[in-house]
Amino acid sequence: MKKGSFVSVADLSKEDILRLIRKTAEFEENPNRTVLEGKICATLFFEPSTRTRLSFETAVNRLGGRVIGFSDAATTSSSKGETLKDTVKMVGNYADLIIMRHYLEGAARYASEIADVPVINAGDGANQHPSQTMLDLYSIHKTQGTLEDLTVTMVGDLKYGRTIHSLIVGMSHFRPSFRFIAPDELRLPETYRQFMDNHGLRYEEFTEFSEDVINESDILYMTRVQRERFTDLMEYEKVKNVYTLHSDMLTGSRDNLRILHPLPRVNEIMYDVDDSPKAYYFEQAKNGVYARQAIICDALKL
Amino acid sequence: MGKQNKKELQIAALENGTVIDHIPSEQLFKVVSLLGIENLKTPVTIGYNLDSKKMGKKGILKIAGKFFEQDEINRIALIAPSVKLNIIRDYEVVEKKYARLPDTLLGIAKCNNPKCITNNEPVRTRFTVTDRENVTLKCEYCELKTKKEDIELL
């Protein structure tokens, strides 16, 4: 792997995470710097993702770099049958950095082995989306003043939610205590329960979304329960409104509680929560640009 | 020569080479292919479904003029963990070797995730052994873990 590539949260040490958080804070203070002047960054989005792409491209632009790339594989030669290898090799000759989203799992690791320039993973199938995890970690650190010894409650689709899985791995360095709230069909997979056991992390699982759990949390991480994840639609109808947060559920919560959500939200957070000072999901999204500025500079050793 | 002796001599003695013993019968031909034995030009005797006190039925390979490196042998640890290799020189066993599961398996197993890059592009598979005792592999690309009973060889 090329030194500097940013592929998986599992590759990051505690020091890496803390260094990236420090850099992110610097960019939040002063987002416009011209450290990328004269550099070209390629955004290769084999699968559309408007939010992530715009966030990365904003980050590059704020750093004074230039962007080439595509936002949909249908317009590229991969639709003519070109392999990922050839595309990445070619673009690596043009650009100083590759930012890639791909629908296949492991695509980013593979690209990082092929390319002569660093590769940043902007999502590879259901596997990893490490820049999302960095902005989540930054948001937690910023609102709590630390990452250590926090109680983090995760709600919704814990089975397929890759942001959930990556956040567990990212937080694992900081002695967290987790609470997981999900219907049986969307329970956290065994491999992550095993991961927590191996790392000696405390966790509890619930099927009921109760105020008792909210009241003992520092972070409430909400995710969307998606209809298409259910084999039994009756089951979906039963649970679809159960994992919804209303503002009156927050009355007994801690002052430092903050609500996060990777967005887009549908109905899992009611709009009356938006006015609560504990709602942090829009700021969280804004932190995405700063976190990505930090990741880009780190990858290029700037 | 008595009847008993004739039975033992079903497979000819080897002057120089390697005898691989205790191969599970059902894995014998997989072992042949993993070690690239079909490409050898030297004489090879293949014993299949032989009686074994320990294993019930077993396979044996006698390969003349061939000595394996340890990492070649390790390729078969996944499917035949209890194999024993006798290194023969001048009709004598001069060394015994065993297969050890390596930390990384290159191009041996298939990833069970259909959406893994290794199943969609010409990429050599690479797994880390995350649990030696129960044999669990983790794909270094898509990060999916595969348990022993689900491992499929290429």
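**Figure 1. Contact between domain 1 and domain 2 of chain B in the predicted model.** Four residues of domain 1 of chain B are in contact with five residues of domain 2 of chain B; two residues are in contact if their C-beta atoms, placed from the backbone, lie within 7 Å. By class, the domain 1 side of this chain B contact holds two nonpolar, no polar and two charged residues. Ala, Val, Leu, Ile, Met, Phe, Trp, Tyr, Cys and Pro count as nonpolar, Asp, Glu, Lys and Arg as charged, and the others, Gly among them, as polar. Domain 1 of chain B covers 13–98 and domain 2 covers 104–153, with bounds that come from an automatic or database domain assignment. The C-alpha centres of these two domains of chain B lie 25 Å apart. This is a predicted model, in which local features need pLDDT of at least 70, side-chain atom pairs count only at pLDDT 80 or more, and totals for chains, interfaces and linings use all residues. Residues are numbered from 1 along each chain as its sequence is written, while chains are lettered from A and ligands numbered from 1 in the order in which they are written.

Figure 2. B:Phe127 is found in strand E8 (residues 126–131) of chain B. Helices (H or I, at least four residues) and strands (E, at least two) are DSSP runs, numbered from the N terminus. With 27 other C-beta atoms within 10 Å, B:Phe127 is buried. A residue is buried if 20 or more other C-beta atoms lie within 10 Å of its own, exposed if 12 or fewer, and partly exposed in between, with C-beta atoms placed from the backbone. Leaving aside neighbours within four places in sequence, the contacts of B:Phe127 are B:Thr104, B:Leu105, B:Ala109, B:Leu137, B:Lys138, B:Cys139 and B:Glu140. The C-alpha atoms of B:Phe127 and B:Leu106 are separated by 6.7 Å, although the two residues are 21 residues apart along the chain.

Figure 3. Chain B contains three helices and 11 strands, and from the N terminus on its elements run α-β-α-β-β-α-β-β-β-β-β-β-β-β. The C-alpha trace of chain B spans about 60 × 30 × 25 Å along its principal axes. Of the 154 residues of chain B, 28% count as buried. Among contacts in chain B between residues at least 6 apart in sequence, 61% join residues at least 24 apart. The mean pLDDT of chain B is 89, and 92% of its residues reach 70 or more; pLDDT is the predictor's confidence in each residue, from 0 to 100. In chain B, confidence is lowest in helix H1 (residues 3–8), at a mean of 52, and highest in strand E9 (residues 136–139), at 95.

**Figure 4. The side of chain A that touches chain B.** In this view, 13 residues of chain A are in contact with 14 residues of chain B. Helix H3 (84–94) and helix H4 (107–114) of chain A each supply at least two residues of the chain A side. The largest share, three residues, comes from H4(A). By class, the side of chain A that touches chain B has four nonpolar, six polar and three charged residues. The model scores ipTM 0.88 and pTM 0.88.

**Figure 5. Buried face of helix H3 of chain A.** A:Leu84, A:Thr87, A:Val88, A:Val91 and A:Gly92 are the buried residues of H3(A). They cover an arc of only 130 degrees around the axis, which puts them on the same side of H3(A); the arc is that of the directions from the helix axis to the C-beta atoms. What covers these buried residues of H3(A) includes strand E1 (40–45), strand E3 (97–102) and H4 of chain A.

Figure 6. Helix H1 (residues 14–29) of chain A has 16 residues and reaches 23 Å from its first C-alpha to its last, close to the 22 Å expected at 1.5 Å a residue. The expected span of a helix is 1.5 Å times one less than its number of residues. In H1(A), the residues A:Ile17, A:Leu20, A:Lys23, A:Thr24 and A:Phe27 are buried. Seen down the axis of H1(A), these buried residues fall within an arc of 130 degrees, so they line one face of the helix. An α-helix has 3.6 residues a turn, so residues three or four places apart point the same way. On the other side of H1(A), A:Lys14, A:Glu15, A:Arg22 and A:Glu29 are exposed. The cover over the buried residues of H1(A) includes helix H5 (130–144), helix H6 (162–171) and helix H10 (281–299) of chain A.
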